Amino acid sequence: MHVDDHLTKIKHLERQRAKIDRIEDCEMWYWATLNAGVHAMNAALHAVGATKDDPWFAHNVPIYHVASRKPGGWEPALKPLGDIEHVDSPEMEAIIPASLKKAGVALRKMEHLREPILRGDAKVSNAMLDRMDALYQKCLTVTRQAIAKNRRAGR
Amino acid sequence: MMPAFHRRKAEKVTRTILGLDPATDHEMIIDGTMIAASQWINYALHRAGITRTEFDIMHAYFVTGFERQYYALCASPVLIDSLEAIETIRPQHVRGMAKTGPAAARKTLAILANLKKTALKIGKVQRAYRTAGQTR
């Protein structure tokens with residue numbers, strides 16, 4: 001997708017996340033936070049030129065979809081890396097440049113909380129969610145700096 | 001995980017997304033229906049004795065052709081078909097910027113409600129069928 005579309009998605013997800021109780025609704029609070037983090041990483045990767053800013057969105061990378069000319073239709077294609085879906089493999093981590101490494105580390109740590117919070121039976125605590133949010137904020141800070149720097153440079 | 005755990009998770013996630021508004025919150029609703037759907041499927045398949053409690057289904061596209069046919073015959077085609085339907089609606093609305101988010105969210109909620117009804121009706125499958133086809 002385009003950088004601005006990823007930033008719009010972050011706004012949507014943060015607004016939705018703010019409507020629910022993070023302990024009572026921890027599964028979806030976690031999921032929204034992780035997804036917003038991935039959108040932030042995608043926006044920054046596009047901004048620094050590591051992946052392409054285009055209208056295609058990911059659906060089981062390397063499969064991408066784009067709106068077809070027929071209204072309501074979608075066209076699939078195999079493409080080189082554009083949007084990523086998770087930072088959980090060496091292939092994905094390899095494309096993250098040095099300027100975004102700290103955001104990549106934060107995202108990977110967020111992914112590690114998936115099993116206990118989303119699918120597992122761990123007792124979810126405020127401390128666990130504070131950690132998740134701190135990692136998300138780190139990811140946002142690093143990616144926003146990269147986007148701003150590249151926008152100032154006119155790229 | 002045991003069937004009761006999957007049911008609790010499905011009901012918990014469903015409670016969360018039913019408190020959101022399809023008109024403004026479609027991303028989280030669609031994702032929540034996908035997560036809850038997989039929990040209802042695991043609830044039904046474990047309870048029926050079709051899959052072992054150590055093996056959980058997360059996405060329809062990871063289920064093999066054989067497994068899909070076996071689950072459909074032993075339990076119901078509605079299980080995996082529902083998850084696939086949600087996962088088909090999801091990418092363009094959650095990962096992409098499709099403008100039909102509110103209608104898509106309502107549609108996935110309806111699919112989830114039907115899946116839940118089906119999952120709750122599935123009883124124990126005869127032992128002969130379980131041992132003959134169980135791969136997981």
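How many residue pairs are in polar contact between chain A and chain B? Keep that in mind as you open the viewer, and remember that you're looking at a predicted model.

**Stop 1: where the chains meet**

Select chain A and chain B together. Between them there are 20 residue pairs in polar contact, counting pairs with both residues at pLDDT 80 or more. Now look at which parts of chain A touch chain B: the elements giving two or more residues to that side are helix 1 (3–18), helix 2 (26–47), strand 1 (57–58) and helix 5 (114–119) of chain A. By class, the side of chain A that touches chain B has 13 nonpolar, nine polar and eleven charged residues.

**Stop 2: contacts and buried area**

Stay with the two chains. Here 33 residues of chain A are in contact with 33 residues of chain B, and the area buried between the chains is about 2800 Å². Carbon and sulfur atoms give 56% of that area. Pick out A:Q16, A:M28 and A:R119: these three supply 26% of the area that chain A buries against chain B, more than any other three residues.

**Stop 3: a salt bridge**

Zoom in on A:E27 and B:K12. They form a salt bridge, with the closest N and O atoms 2.9 Å apart. The count between chain A and chain B is five salt bridges.

**Stop 4: the strands of chain A**

Click A:A58, and you'll find A:Y64 of strand 2 standing opposite. The hairpin of these strands has four residues between them, and in this hairpin A:N60 takes a positive phi near 65 degrees.

Strand 2 and strand 3 run antiparallel and are joined by five bridges. One pair to show is A:V66 with its bridge partner A:E75 in strand 3. This hairpin has six residues between the strands, and A:G72 takes a positive phi near 85 degrees.

**Stop 5: A:Q145**

Finish on helix 6 (residues 126–152) of chain A, where you'll find A:Q145. Is A:Q145 buried or exposed? It counts as exposed, because its relative accessibility is 52%, and the cut-off is over 50%. Now show A:L100 as well: A:L100 and A:Q145 are 45 residues apart along the chain, and their C-alpha atoms are separated by 9.4 Å.

Technical notes:
Residues are numbered from 1 along each chain as its sequence is written. Chains are lettered from A and ligands numbered from 1 in the order in which they are written. This is a predicted model: local features need pLDDT of at least 70, side-chain atom pairs count only at pLDDT 80 or more; totals for chains, interfaces and linings use all residues. Side-chain values use heavy atoms; hydrogens and water are left out. Buried means under 20% relative accessible area, exposed over 50%, partly exposed in between (1.4 Å probe, protein chains only). Contact means heavy atoms within 4.5 Å. Buried area is the accessible area (1.4 Å probe) that two parts lose on being put together, summed over both. A salt bridge is a side-chain nitrogen of Lys or Arg within 4 Å of a carboxyl oxygen of Asp or Glu. A polar contact is a pair of N or O atoms within 3.5 Å; within protein, one must be able to donate a hydrogen and the other to accept it, and residues adjacent in sequence count only if both atoms are side-chain atoms. Ala, Val, Leu, Ile, Met, Phe, Trp, Tyr, Cys and Pro count as nonpolar, Asp, Glu, Lys and Arg as charged, and the others, Gly among them, as polar. Two strands pair if DSSP finds at least two bridges between them.
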